[in-house]
Amino acid sequence: GFLHRQTVHSAYLTLMRSFGDFSAQLGARAEHAGNRLELPVETADVGRDYFNVFPSANLNYSFGQGKRVRMSYSMRIRRPSSNVLNPINTSSDQLNVRVGNPDIEPQYTHSYTLNASWSGELGYLRATPFYRHSVNEWEQLRTVDEVGVSTTTYENLDEGDYTQESLT
């Protein structure tokens with residue numbers, strides 16, 4: 001009885017230019033996304049439209065003799081799936097209820113990466129640290145009411161930072 005329809009229309013623009021050993025690539029993705037939830041109850045259908053622009057940038061510099069540095073940035077989206085949005089109780093256990101939340105908003109992540117590589121007679125060395133900052137993260141929440149019924153749902157709660165250094 002639950003129907004989730006999602007449509008996404010997007011357009012891309014990428015510009016690239018080299019200046020000797022330096023090159024730059026700038027881009028953007030413009031996107032219109034629509035979500036519609038058709039519910040079996042007599043309430044109005046639930047829906048939300050989004051318009052976003054997702055920028056990206058890549059900067060490369062070659063030092064010659066197998067030495068190169070690349071910096072990049074991109075903005076990404078994580079859309080909630082049908083099971084996260086579905087407000088209908090899908091559990092068969094009356095004491096453990098699971099419902100989605102049609103008001104969940106997408107999660108956005110800003111991603112920064114630095115890639116430095118060196119290759120030579122002895123082999124190849126690459127260092128790749130990155131940093132990601134996410135906003136509008138959604139999490140599963142469980143509450144228990146006064147009669148002991150546990151309800152699990154989703155809420156936009158937090159933002160998060162993630163880092164890692166990699167050396168290969």
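Gln65 counts as exposed, at 72% relative accessibility, where exposed means over 50%, buried under 20% and partly exposed in between, with a 1.4 Å probe and protein chains only. This is a predicted model, so to speak of local features takes pLDDT of at least 70, side-chain atom pairs count only at pLDDT 80 or more, and totals for chains, interfaces and linings use all residues. Residues are numbered from 1 along each chain as its sequence is written, and side-chain values use heavy atoms, leaving out hydrogens and water.

Gln65 sits in the loop between strand 3 and strand 4 (67–78); strands are DSSP runs of E, at least two residues, numbered from the N terminus. Most residues other than glycine have a negative phi.

| Residue | Phi | Relative accessibility |
|---|---|---|
| Gln65 | near 50° | 72% |
| Asn136 | near 70° | 24% |

Asn136 belongs to strand 8 (residues 130–144) and counts as partly exposed.

Asn136 also turns up next to Gln107: leaving aside neighbours within four places in sequence, Gln107 is in contact (heavy atoms within 4.5 Å) with residues including Arg76, Ile77, Asn136 and Trp138. Gln107 itself is in strand 6 (residues 107–120) and is buried, with a relative accessible area of 8%.

Key
Helix = DSSP H or I, 4+ residues; strand = E, 2+ residues; numbered from the N terminus.
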